[in-house]
Amino acid sequence: MKRGFSFFSRVCLHSLWMLLLSLVAFSQNRTITGRVTDAQGNTPLPGVTVQVKGTSKGTQTGPDGTYKLEIPQGSTTLVFTFVGYKKLEQPISASATTNATLAADVTALKDVVVVGYGTQKKTEVTSAIASISQEDFRQSGARNPLDLVQGKVAGLQITRTSGSNPNTSPAIQVRSATTLNNNQGPLVVIDGIPNGNLDLLQQDDIESISVLKDGSAAAIYGTQANAGVILVTTKRGKAGGSRVDYNTYFRKEYLQRRPDFLSPDEYAAKIASGEIVTTDRGHRTDFLDLLINDNNLTQYHNLAFSGGNDGANYRASVYYNNMEGLLKENGRQQYGGRLSITSKGLDNRLTAQFNLATNFNKANLLTDGGNLNGYLTFQPTYSPYNEDGSWYFEQTSTNELARLHQQTDILQQQTTSGDAKVTLDIVKGLKGSIFGSIIRDNLNRAQYAERASELSIEQRQGGGYAYQQSELKLKYAVEPTLEYNLTLDRHNISAVGGYSYRYEVNQGFDANNYGFQNDIFRENNLNAGNQLVLGKAGMGSYKNDNTLIAFFGRVNYVFNDKYMASAIIRREGSSRFGANNKWGNFPAISAGWNVHKESFLQDAAFISQLKLRLGYGITGNSGFDNYASLVTMGTGGNYINPDGVWRQTYGPNRNPNPDLRWETKREWNLGIDYGFFNGRLSGALDLFRRKTVDVLSTFTSQVPSFVQRSIYTNVGSFESQGIELSVNATIMEKKDFRWTTDVAFSNISNKMTSFSNDIYKLTFIDRGDIGGYGALGTALRTYEGGRIGNFYGKRFAGFTDEGKWRFYKADGTTGPADEISRDKDFAVIGNGIPKYQASMTNTFRYKNWDLRVFMRGKFGYQILNTLEMLYGNRQGLPSNVLRSTFTKHAKLNDSFQYSDYYLENGSFVKLDEVTLGYNVPFRNKYIRSMRVYFTGGNLATITGYSGNDPDFVKDTGLNPGIDALNNSDDRRSYLSSRSFMFGLNVSF
Amino acid sequence: MKRITKIATYAALALLPVFASSCTDLTENVYDQIITDDFYNNKDEVVSAVLRPYTHANAWVTPGQNGWWRLSELSADQLAWPQKGRHGYDGGNWIRLHYHSWLVDDGPIADCWYLLWTGIGFCTTAIENIEKRDAGSMGITQAEKDAYVSDLRLFRAFHYLRVMDLWGNVPIVTQIGNPINPPTAERKDVFNFIEKEILDHIDAAPVLSKSFIGRMSKASAYAMLVELYLNAEKWTGTPRWDDCIAASNKLINGEAGGMNGALALDPNITDTYKPTNHLSKEIIFSIAYDFQVSNFTPQWTGDFYHFNQGLINGNDRNGNDGVVVIPGVYTTFDDTDKRKKEWISEGPQWKYGTNNTEPVIASGGNEYNGEQLVFVDNIRKNKLGSTLSDMTQGEENSGVRFNKYKLGPITDPNYRSTDWAVYRLTWVYFAKAEALMRKNNGAATQEAVDLVNTCKQRAYDAEVWETKKYTTATLTMDELLAELGREFIFEGYRRQELIRWGKFTTASWWDHKPSESFRELFAIPYAQRALNVNLKQNPGYPN
């Protein structure tokens with residue numbers, strides 16, 4: 001009570017003082033001028049807000065950094081504020097000139113972390129949340145916004161399995177696989193829009209990316225949060241003058257590592273020597289070389305206008321981006337814009353915020369790398385042309401070069417999102433908001449194969465082939481929330497509660513036809529083909545939807561800035577769940593302790609921060625197909641009816657599962673945030689242990705008594721645990737020189753604890769279809785209790801004198817391949833998930849120069865070298881084979897076999913990015929700042945692995961560790977390339 | 001206090017959605033699929049459910065997938081899928097089928113199990129749904145309802161017949177999901193169940209007519225009884241030769257109808273297998289196809305055809321260069337036997353329509369890339385001069401090939417519409433002949449000889465026939481088995497025949513050595529036994 005009184009009295013005194021001041025102010029005014037400069041570059045700062053403290057009087061600096069302000073008599077202090085700089089209060093000097101020098105505020109953006117449905121002070125965060133802001137983004141020219149943070153967050157795995165292909169997304173995984181489904185990716189929330197579309201994000205529009213790694217943070221997103229949550233915040237206008245930013249880069253890719261097939265001359269020499277028994281057709285063709293786009297050039301332009309004052313701000317940006325892959329006919333052009341406006345009203349009690357973003361893109365999908373193996377293995381004494389110059393076709397292979405000339409495959413897509421959030425300060429401490437968003441994503445895909453193309457001739461009787469597909473996806477969200485903040489004495493309570501309604505609906509249509517008279521219409525007049533009449537034209541359409549509804553709340557409590565606690569509850573239901581399990585609850589609780597604020601550490605001056613965190617949270621996964629719980633009737637093809645008419649047949653295409661429900665993950669997280677020596681050494685250490693239960697998968701069902709051999713049901717459980725460490729160190733700090741090092745490290749171990757329940761029993765799951773010649777089956781098998789990603793195969797015991805395989809049997813004897821039992825004799829021979837992942841960024845600044853060196857690596861795992869397995873064997877002849885066929889595997893004279901003979905250590909270290917930048921010290925009233933930089937991407941890889949770039953081998957999900965050249969199991973190989981990039985950032 | 005009231009009020013307002021039911025409505029709107037409960041509302045829907053197991057039967061009764069056909073033929077003495085260079089190893093599946101060394105978890109065996117039981121499921125779900133609904137509510141008459149149910153029950157019996165053929169002891173399941181883990185029944189009981197289902201519904205079944213092409217009919221029911229009784233001695237220990245003869249007579253005497261007039265043998269060796277074989281007089285039950293109007297087309301091209309086969313046939317069907325005739329089988333046909341050249345491809349291959357002037361050039365980077373395709377009656381690496389011959393020693397041209405059924409050139413108005421005969425009258429003739437002989441202690445009777453000769457005569461020109469026809473002296477049991485092999489090559493029955501002759505696990509052929517007697521039944525798939533504890537493994541297999 002006593003304290004309360006003194007608080008009250010202070011407020012009264014302060015008010016009185018203000019009143020007096022303003023009275024005085026009425027009496028006399030004077031004018032002062034001054035110049036505001038940047039502390040570092042000593043360059044003028046335009047657009048700085050200059051205000052007389054305690055009044056609403058203020059102005060902004062002009063282009064040359066100067067201002068002129070009439071101040072009331074008695075004013076003593078000016079307040080200078082500017083985005084990205086520390087607020088400065090400067091006494092008004094007695095003379096008419098008051099100059100100011102603003103220091104950049106490097107920590108301002110980092111002090112606050114975006115969490116779900118709100119922000120939190122970093123010092124008060126009690127969960128495992130990592131936040132990366134713009135200056136730390138990777139700078140190789142992102143093809144996808146998440147490329148920006150690859151290797152930057154311990155525990156966030158981003159694997160780009162298809163290199164420089166601009167039309168693919170990286171595989172993203174937070175901490176570990178949590179599901180057996182294909183849908184392994186985290187929930188992406190863009191400015192509050194759940195399940196946002198990454199196409200709408202451009203690298204220069206992103207302010208920060210926050211990753212909610214553990215369950216105690218992610219539980220606020222309920223059944224979408226098992227795989228973690230990535231929160232993206234875009235840039236907004238800031239109070240201050242208007243400004244224009246222009247960012248651009250140009251990039252070129254160069255082939256780095258190509259599979260080691262025989263060169264045409266070597267191949268011909270082996271025909272001559274009798275090692276290859278086939279005919280020399282006389283040509284010498286480097287088929288792969290024909291597919292490479294040596295003239296590739298990628299360019300990017302982003303122009304942003306922003307500004308604002310206290311009551312409102314805006315930012316508008318437009319961009320153009322033309323990306324070209326290393327392979328021909330593989331590109332993507334896109335342009336679009338983003339607009340955000342924030343405005344206040346009702347005496348600043350009402351805040352309205354609007355975002356509108358759109359992306360138009362046009363992708364050339366004719367090549368995705370999936371066609372490489374056909375050309376790599378093509379007998380190199382052939383030519384892609386016949387003697388008369390026409391294309392050479394043969395029924396059993398595809399003339400890839402001809403295909404690139406004679407076919408088209410263009411995807412045009414437009415995605416738009418709009419959202420609005422209106423917040424009202426209802427009473428002190430209580431805010432009510434309503435948020436609404438819509439994403440509309442529509443696409444058109446058009447394919448055409450000319451009449452003379454191989455596809456047309458070999459499969460469509462020379463009548464061409466045309467295809468069109470259109471799709472429309474709509475996602476709606478409405479989320480009213482209430483926020484409450486109360487500070488009582490040393491207690492601070494903040495709470496947020498809300499309701500979320502989300503509805504998604506997808507629909508699509510496609511049609512194809514052939515039998516065209518000429519190539520004039522292409523895919524633009526589908527009905528001109530003759531197959532509508534002849535019955536072989538195709539048509540299809542679909543529509544499905546789902547609804548997700550939730551109630552959620554979170555309470556954070558902080559005592560004396562020392563002790564923090566947070567509790568979350570989300571109750572969520574989805575239309576996808578079975579009738580018996582429509583709703584689930586997802587609670588979380590976490591606590592933190594700022595140890596460094598305790599008196600017993602007061603003397604330890606070297607400790608600037610030491611926080612302990614402990615959290616536990618339950619999240620779910622509802623990322624499965626719509627209607628998965630219902631017994632639906634599927635078509636079974638036409639059959640003849642007694643009246644002689646062929647009609648569609650229908651039968652159940654699913655087994656019933658009214659109990660279908662979400663997967664549930666329970667996770668403990670123990671963390672330490674540390675900072676020593678005035679923040680020169682800081683970082684975080686997290687230990688986690690998580691268990692996913694009710695894992696959904698397609699399980700084999702009892703047949704009989706069910707109709708279908710598989711049922712989609714909740715059976716298995718996973719466990720994983722790991723360590724994540726991040727270290728940010730300022731190693732050297734001199735007047736003109738600064739060297740910082742950031743390290744991210746993670747270690748993980750996974751286990752499939754069970755695949756069984758009362759009804760369904762399974763002792764193992766097989767994953768990772770090898771594909772290619774000889775149907776070798778799957779490469780990975782995990783038994784109950786085993787690790788995810790275990791290679792399960794034969795153990796090589798040597799070759800016979802005739803070069804025949806011998807493999808070990810369970811009893812230690814050896815035998816040929818067909819005597820080796822998959823169940824009895826196969827063994828765990830390796831694992832495809834890296835045990836350790838690490839990255840290191842070294843940044844050096846010298847005066848206006850900066851140099852960044854970024855290295856990444858993965859360690860402690862194996863890769864199945866499918867290249868050697870399928871292309872390093874004489875059985876592959878007379879198709880082209882790897883050189884190793886005649887060296888390393890010279891002894892082998894037997895069928896293609898999968899065994900540990902082809903497993904290799906996959907560990908690697910990659911010099912992923914080197915950027916040299918220079919801040920051009922302009923002293924010019926037009927240009928605020930200018931930076932030029934030169935980046936080399938994917939410069940070198942140190943590895944013992946002999947196949948493709950090991951970095952491109954999938955290490956996430958359940959089918960990791962298998963190299964690609966053949967296209968099985970959704971693997972696509974893409975050639976590894978080095979990139980060189982020149983970039984420019986200018987602010988006006 | 002006032003502030004707290006205010007906060008409470010706003011919080012309550014915000015929580016209002018909890019009480020509004022529309023805000024918690026999680027109904028699924030099904031737009032492009034049909035929920036089972038919303039089906040069976042009119043005749044078209046009912047018929048489409050009745051016919052679902054028929055399109056599915058294409059998957060397991062004809063070649064092209066891991067169905068009854070592959071297990072029956074690739075484990076027998078006429079056909080094999082050898083490894084040919086880099087192709088065809090396929091996990092050793094075909095090699096193990098050939099050597100009778102299949103494992104309890106082999107893919108083809110499990111796949112076949114699933115295919116057959118899913119077919120049974122399609123029958124049963126339709127039976128359940130139709131039986132529980134009132135005929136009027138489905139827009140059909142009671143008579144139609146009864147006919148649909150008997151059709152489905154007969155077809156389900158056909159599935160059980162083939163399940164029993166492969167695995168012997170299997171569960172008898174007549175309700176979906178009840179019990180979830182059905183127990184294994186003795187083969188004898190399965191036999192009785194099948195016999196009863198057929199006999200209970202044979203009278204209600206329609207006589208075979210044009211309208212019942214590709215469907216169950218009285219004729220197919222009798223054919224099933226023929227198969228059941230022909231194998232009864234092997235399957236139950238009790239011979240039923242007279243029942244077999246009686247059922248055969250129903251068909252031979254035309255008492256069960258025919259697809260094109262009275263059931264009769266086709267006059268030659270091509271009518272039964274050509275694109276217009278829906279006009280065949282002898283087909284009793286077939287999987288009916290019509291590519292032109294329905295897109296439903298034979299799936300077996302992948303198994304039989306070479307990568308460049310389309311050039312030979314003047315169409316766009318190529319295959320995986322898979323199944324070939326085992327060395328030594330081709331020469332069991334004498335050169336005057338028209339079936340030899342008509343049903344089997346051998347020697348240099350020529351482009352369609354070029355009158356043997358333009359060779360078919362192999363492409364695709366295999367052994368004979370760039371050379372004329374020549375199918376040879378041996379399986380060895382001729383290209384490398386090797387004489388070693390076994391399942392792993394094939395090349396792309398190894399083995400003579402299937403050419404019995406023909407799809408026609410792409411210009412044929414019935415292209416890719418050739419039906420696959422499951423039961424044909426010739427097979428009934430042979431069954432009756434076999435029953436007569438077995439009744440007669442393995443010696444031919446004149447009636448048996450006449451039955452076989454009537455069929456065989458079609459394969460010979462009149463001038464040589466007299467020297468080729470059988471007499472009661474020449475038609476021994478072994479000769480009957482050999483003739484069955486020639487007449488029914490590629491048709492799926494070879495394993496059954498070898499088992500009836502006691503040769504399946506005791507004889508040798510090509511590189512195949514005698515196997516263990518328990519191999520007469522396939523292993524119950526491991527994955528199903530892991531799920532269903534009431535499922536017993538067949539004797540001889542590891543438990």
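The model is predicted. Chains A and B meet through 83 residues of chain A and 89 residues of chain B. A strand of chain B also joins two strands of chain A in an open sheet.

- Strand β18(A) covers residues 298–308, and strand β19(A) covers residues 312–324.
- These two strands run antiparallel and are joined by 10 bridges.
- Between β18(A) and β19(A) lie 3 residues, and the pair forms a hairpin.
- A:L303 has A:V318 of β19(A) as its bridge partner.
- β19(A) also pairs with β20(A), residues 331–345.
- That pairing is antiparallel too, with 13 bridges.
- The hairpin of β19(A) and β20(A) has 6 residues between its strands.
- In this hairpin, A:E329 adopts a positive phi near 55°.

**A sheet across the two chains**

- The open sheet has 3 strands, in the order β31(A)-β30(A)-β1(B), with antiparallel pairing.
- Its edge strands are β31(A), residues 646–652, and β1(B), residues 34–35.
- Each edge strand pairs on one side only.
- β30(A), residues 632–640, is linked to β1(B) by 2 bridges.
- Across that link, A:T632 has B:I35 as its bridge partner.
- Helix α2 of chain B, residues 43–61, lies across β30 and β31 of chain A.
- The helix runs at about 80° to β31(A).

**Contact between the chains**

- On the chain A side, 83 residues are in contact with chain B; on the chain B side, 89 residues are in contact with chain A.
- The chain A side divides into 35 nonpolar, 37 polar and 11 charged residues.

**Annotated domain in chain B**

- An unreviewed UniProt entry places the feature "domain: RagB/SusD" at residues 328–541 of chain B.
- Over residues 328–541, chain B is 29% helix and 6% strand.
- The end C-alpha atoms of this stretch are 31 Å apart.

How values were computed
Residues are numbered from 1 along each chain as its sequence is written. Chains are lettered from A and ligands numbered from 1 in the order in which they are written. This is a predicted model: local features need pLDDT of at least 70, side-chain atom pairs count only at pLDDT 80 or more; totals for chains, interfaces and linings use all residues. Two strands pair if DSSP finds at least two bridges between them. Helices (H or I, at least four residues) and strands (E, at least two) are DSSP runs, numbered from the N terminus. Two residues are in contact if their C-beta atoms, placed from the backbone, lie within 7 Å. Axes are lines fitted to C-alpha atoms, for helices over the stretch in contact, and angles run from 0 to 180 degrees between N-to-C directions. Ala, Val, Leu, Ile, Met, Phe, Trp, Tyr, Cys and Pro count as nonpolar, Asp, Glu, Lys and Arg as charged, and the others, Gly among them, as polar. UniProt positions are given in the numbering used here, feature names are shortened, and annotations may be inferred rather than shown by experiment.
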